[in-house]
Amino acid sequence: MSVVDHVREVVTSIPAGRVATYGDIGKQIGAGPRQVGRAMSVLGDDVPWWRVVYADGKAATCHDGGALALLLAEGTPLVGDRIDLRRARATLG
């Protein structure tokens with residue numbers, strides 16, 4: 001299975017209202033966060049890309065910055081303008 005396939009599998013398993021960081025996904029599949037980011041860049045809109053966030057809890061800035069609105073619509077908890085990783089981080093695997 002390719003890195004892209006692994007990333008797709010993990011990202012599609014993240015439930016609504018939860019998130020994972022690029023690093024979380026990388027640890028799960030044995031890749032670095034940058035490899036995860038590259039794989040994410042080739043995935044289509046059929047995967048919940050907005051549920052993958054930066055290590056500091058900031059939402060992704062791709063797709064014209066639409067991630068935060070999608071996360072809010074799913075009820076993902078925030079602290080200020082960042083995702084509350086303590087409460088929202090998905091358990092992977």
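Let's start with a meeting of helices: Tyr22, Gly23, Ile25, Gly26 and Ile29 in helix 2 touch Pro33, Val36, Gly37 and Met40 in helix 3. Contact here means heavy atoms within 4.5 Å, and helices are DSSP runs (H or I, at least four residues) numbered from the N terminus. By class, this contact has 6 nonpolar, 3 polar and no charged residues. Ala, Val, Leu, Ile, Met, Phe, Trp, Tyr, Cys and Pro count as nonpolar, Asp, Glu, Lys and Arg as charged, and the others, Gly among them, as polar.

Keep in mind that this is a predicted model: local features need pLDDT of at least 70, side-chain atom pairs count only at pLDDT 80 or more, and totals for chains, interfaces and linings use all residues. Residues are numbered from 1 along each chain as its sequence is written, and side-chain values use heavy atoms, leaving out hydrogens and water.

Now for the angles. The axes of helix 2 and helix 3 come within 8 Å and cross at roughly 100°; axes are lines fitted to C-alpha atoms, for helices over the stretch in contact, with angles from 0 to 180 degrees between N-to-C directions. That makes helix 2 roughly perpendicular to helix 3 (65 to 115 degrees counts as roughly perpendicular).

Helix 2 (residues 22–29) has another partner: its axis and that of helix 1 (residues 3–12) come within 10 Å and cross at roughly 115°. Here Val3, His6, Val7, Val10 and Val11 in helix 1 meet Ile25, Gln28 and Ile29 in helix 2. The residues of this contact divide into 6 nonpolar, 2 polar and no charged.

Key:
Helices (H or I, at least four residues) and strands (E, at least two) are DSSP runs, numbered from the N terminus. Angles under 35 degrees count as roughly parallel, over 145 as roughly antiparallel, 65 to 115 as roughly perpendicular and the rest as oblique.
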